[in-house]
Structure formats: structure tokens, C-alpha cells
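Open the model in your viewer and keep the selection tool at hand. The stops below follow one another.

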Amino acid sequence: MSYNYLKSAKKIICIGRNYAAHIKELNNPTPKQPFFFLKPISSVITPIAPGLARKELPRDSSYHGLSVDGSNAGPILIPSGVKVHHEVELALIMDKYVSNATEENFTPSDVYDSISGFALALDLTARNVQDEAKRKGLPWSIGKGFDTFLPISKFIPKESIVNKQDLQNAFRLTCSVNGEPRQDGTTDMMLNPLHKIIQHISTMISLEPGDIILTGTPAGVGEIHPGDTISAELYENGKLLVDMKFDCDKRPGPYVYKET
Ligand SMILES: O=C([O-])CC(=O)C(=O)O
Ligand SMILES: [Mg+2]
């Protein structure tokens with residue numbers, strides 16, 4: 001299946017501030033309930049794997065649709081004047097419709113039933129754009145939604161998870177830049193667990209098969225620059241499930257960051 005799952009995503013929903021140490025490192029308040037934002041499908045890129053030819057893009061464009069196999073192999077593009085931060089995150093891939101679930105009827109075991117699998121993702125963030133939006137009460141769409149701001153791995157079917165009974169405590173996420181470790185966190189540290197995330201979103205926005213949910217980043221976020229190489233790994237109970245690597249380039253085109 002590999003990258004075909006990306007063709008079915010109708011929306012990409014990202015939970016913010018779900019790990020205490022990340023909230024602290026950016027001096028943010030802890031939300032009273034989960035909150036989220038959306039990323040556009042045009043922000044998706046996939047690793048340039050051996051044998052997977054880099055997709056030809058029309059001159060100067062940064063996105064031209066997913067390939068027929070769902071991939072969009074290419075580098076991370078850093079827009080001019082933008083401080084881009086990496087945020088490594090576990091992604092859930094929905095398999096069922098979930099709508100208006102309640103805390104009583106949506107339990108941790110319902111997570112396994114409602115998803116088809118997982119992916120490893122980087123919720124890239126234009127931190128200076130986001131900081132300005134936070135100050136001014138503006139949306140985060142630009143800061144989170146630039147082309148290439150969602151590097152994502154191949155699909156990991158849920159059947160490949162060994163401990164299906166305890167997904168919440170199963171995963172470790174790591175990320176390094178130019179070989180230097182930056183992020184290393186485990187999903188047992190989430191403030192809002194996976195079942196609460198799905199249930200809460202579904203009370204406002206119904207989840208559909210194929211939708212992608214990013215579950216928040218652990219501590220250690222930091223800047224990446226053109227010329228850097230970033231790598232990330234996802235482990236389940238000590239076993240490597242997937243890893244991925246991306247180069248960083250300058251974004252072509254006219255965009256230069258200016259205050260709104
Ligand atoms: O940009 C942020 O700090 C919010 C967020 O996405 C996260 O916590 O993963
Ligand atoms: Mg994030």
C-alpha cells in the first residue's frame with residue numbers, strides 16, 4: 001500500500017500542545033481541552049526512496065498533486081524569511097466514520113477499531129509566522145500550511161503492531177538534524193490520549209475513512225535550514241517501525257515573510 005493511503009485523506013487534523021515539556025519549551029499555556037488546526041493536502045511530501053524517481057514539477061512550482069502511487073517525493077522547502085521548526089509526531093490514519101462519539105462510548109480499545117494504521121510525520125511550523133498569528137489572534141493556516149510542511153512516511157498497517165491492546169504506551173518518536181539528536185519522546189507522555197483525541201474531534205468535525213490525525217509533538221523542537229538533512233524514526237516497543245529522511249532546500253517563487 002505504501003503511499004496510496006495519502007490519496008484518501010479528505011482532511012489532515014493536527015492536535016496542538018499535547019506534551020507538557022513542549023508546552024513549557026515554547027512558554028505556551030496548557031489547553032483546558034484538546035485543540036487542533038488543519039494542514040492542506042498540498043503540504044504533503046514523501047521521502048525520496050531508492051528506486052522512487054523524484055517527481056518532475058512544473059518550473060518554479062512547489063506542489064503539483066500526488067503521484068499516481070500517492071507519493072510526492074521531494075525536499076523540504078524553506079520559505080524566505082521563515083524560521084521553520086521540526087515537530088515529530090505520530091499520525092493516525094482513520095478507517096471508519098466517527099461522529100459525535102462520547103467519553104462514555106469511545107474507549108481506548110475503540111482506537112484500534114476505528115483506524116487502519118499509522119504514519120510518522122513532521123508537523124513543520126513557520127515559527128515566526130505562527131508567533132505573529134498567536135500575538136494577533138490570526139489563524140495558523142500559513143504558519144502550518146506551506147507546501148512541503150508535512151513530510152510523512154509510508155503507511156504502517158495496524159496489524160503490524162505487536163501490542164494492539166496498549167497503543168497509548170507503544171510508541172517512541174525520535175528526530176535528528178544533520179545527525180544530531182533533537183527530539184525523543186514516547187506516546188505515554190501525551191496529555192490527551194489517542195481515544196480522547198478522536199472522540200473530541202468527532203464532536204465538532206466528523207472523521208472519515210482516510211483522514212489523517214497528527215497527535216502533537218514532544219519536546220525538543222528546533223530550526224532547520226536549507227542544506228540540512230532531517231531524519232525521524234518511529235519505534236514500537238523498541239522495534240523500529242519506520243524511518244525517513246529529508247533534505248532541505250530554499251523555496252522557489254515570490255514569497256518573502258512580511259508582517260501581516
Ligand atoms: O505549534 C505548536 O506548538 C503546536 C503543535 O503543533 C504541537 O504542539 O504539536
Ligand atoms: Mg505539532
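A residue is near a molecule if one of its heavy atoms lies within 4 Å of it. This is a predicted model, in which local features need pLDDT of at least 70, side-chain atom pairs count only at pLDDT 80 or more, and totals for chains, interfaces and linings use all residues. Residues are numbered from 1 along each chain as its sequence is written, ligands are numbered from 1 in the order in which they are written, and side-chain values use heavy atoms, without hydrogens and water.

Select ligand 1. It is surrounded by 14 residues, the closest being Arg17, His22, Asp123, Gln130 and Lys144. By class, this shell holds three nonpolar, five polar and six charged residues (Asp, Glu, Lys and Arg count as charged; Ala, Val, Leu, Ile, Met, Phe, Trp, Tyr, Cys and Pro as nonpolar; the others, Gly among them, as polar).

Next, show the polar contacts, pairs of N or O atoms within 3.5 Å. A polar side-chain atom of His22 is 2.8 Å from an oxygen atom of ligand 1. For Glu87, a polar side-chain atom lies 2.9 Å from a ligand 1 oxygen. At Thr217 a polar backbone atom is 3.1 Å from an oxygen of ligand 1.

Now select the magnesium ion (ligand 2). Its protein donors (N, O and S atoms within 2.8 Å of the metal, or 3.2 Å for Na, K and Ca; water is not among the atoms, so sites may look incomplete) are Glu87 (OE), Glu89 (OE) and Asp123 (OD), lying 2.0 Å from the ion. Along the chain, the donors follow the spacing E-x1-E-x33-D.

Notes
Polar contact = N/O pair within 3.5 Å; in protein donor to acceptor, adjacent residues only side chain to side chain.
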